[in-house]
Every structure is written in structure tokens, then in C-alpha cells.
Amino acid sequence: MAKSLWRARKAPKIGPCGTYVSHHICWPWDIDMWMELNNGRTLTLYDLGRIPLAQVNGLMAVVRKRQWGMTMAGVVVRYRRRIRAFERFEMRSRLLCWDERFFYLEQSMWKTNGECANHAVYRAAVTDKNGIVRAAQVAEAMNMADATSPKMPDWVSKWLEAEDARPWPPMQDAV
């Protein structure tokens with residue numbers, strides 16, 4: 001993480017929905033017993049794109065100044081191609097859109113042959129001691145008070161509908 005943040009501090013600043021691109025290697029500690037990138041480790045590696053994204057788009061400075069935090073409220077991942085030990089890959093991270101409470105971030109890992117290995121969409125929130133900070137308040141703190149969210153893609157809306165239909169707490173019938 002420190003290395004990723006160090007590199008990001010030299011990266012050009014991007015707008016709120018700009019794409020942050022970083023390059024990585026699948027190391028032996030990232031693999032599972034099948035000698036490929038572990039699915040759980042994939043989510044951890046996505047942090048190496050999301051946190052620097054927050055740095056280059058200005059969110060990190062605002063979060064630090066206001067003593068806010070950032071949290072994940074959900075994720076959906078699609079795996080399509082294996083990333084093997086010592087294989088290099090490119091990660092792309094961007095803010096997709098937002099609603100009243102949450103920010104939706106899109107990330108993908110790309111193999112050197114141009115194939116997309118996996119893709120994730122996160123529902124994230126900025127928090128303070130009282131809970132979730134409204135997206136409009138975050139935008140105002142970032143000097144983007146007049147900014148409007150890009151239209152939420154239909155497939156993201158459908159994911160959120162499925163999430164709303166999902167029981168919570170889960171597995172109550174399994175007890």
C-alpha cells in the first residue's frame with residue numbers, strides 16, 4: 001500500500017470520474033493452491049487501486065482534513081481469466097457514479113494480452129463519527145457542489161435491486 005500511495009502522489013491529478021491506472025505483479029503470496037491469483041487476494045489487491053484513486057482525485061485530502069473515514073458497503077465481482085504467479089497485470093479504477101449515500105467504484109484487472117481477467121463494482125461510503133456522510137456533503141467538501149453524478153448504468157441498478165431483495169441478517173433458515 002505504501003508503494004502504491006508513493007507512486008500515486010506523483011501521478012497527475014484526475015477529475016472525480018477519471019480512471020486511475022496502476023501496474024502490478026501476481027506474487028507467490030497472492031496465489032492459491034492452483035498457482036493463480038486467489039479470489040480473496042484479488043479484493044485486497046483492488047485496495048491498491050482504490051486508495052490511490054482517492055488520492056489522485058482529491059478525496060483522500062478531504063477525508064484526512066475532515067477526519068472522515070471510508071468504508072465498503074458491498075461488492076460484486078466477475079472472474080473471467082486466470083492471473084498466474086509472476087504474471088503482470090494492469091488495474092483500472094474509477095468512480096462510476098453516486099447516489100445520496102453511496103459512491104459506486106468500478107475496477108478491473110487486465111492481462112498483458114489485453115484480456116480482462118476480472119471486474120468488480122463496489123458500493124462505498126464516506127463516514128464520520130455519526131455514520132455515513134451524504135454524497136452531496138462530500139462533493140461540497142471537494143469543491144464539486146454543483147457536480148451531478150453520471151447516470152447509473154442499468155446493470156448497477158439491477159445489482160442494487162438484487163441487494164435490496166436479499167435478506168438481512170442472512171441464513172436465518174439455516175439455524
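There are 0 disulfides in this structure, which is a predicted model. The cut-off for a disulfide is 2.5 Å between the sulfur atoms.

Next, helix α3, residues 59-66. Which residues of α3 are buried? They are L59, M60, V62 and V63. These residues cover an arc of only 165° around the axis, so they sit on the same side of α3. In general, an α-helix has 3.6 residues a turn, so residues three or four places apart point the same way. The face turned away from the buried side of α3 carries the exposed residues A61, R64 and K65. The buried residues of α3 pack against α2 (39-56), β2 (69-79), β5 and α4 (135-141). After α3 comes Q67, with a positive phi near 60°.

That brings me to β5, which spans residues 116-128 and includes A125. Is A125 buried or exposed? A125 counts as buried, because its relative accessibility is 3%. Leaving out residues up to four places away in sequence, A125 touches G69, M70, T71, R101, F102 and I132. As for G74, it lies 51 residues from A125 along the chain, and the two C-alpha atoms are 9.9 Å apart.

Note on methods. Residues are numbered from 1 along each chain as its sequence is written. This is a predicted model: local features need pLDDT of at least 70, side-chain atom pairs count only at pLDDT 80 or more; totals for chains, interfaces and linings use all residues. Side-chain values use heavy atoms; hydrogens and water are left out. Helices (H or I, at least four residues) and strands (E, at least two) are DSSP runs, numbered from the N terminus. Buried means under 20% relative accessible area, exposed over 50%, partly exposed in between (1.4 Å probe, protein chains only). Contact means heavy atoms within 4.5 Å. The arc is that of the directions from the helix axis to the C-beta atoms.
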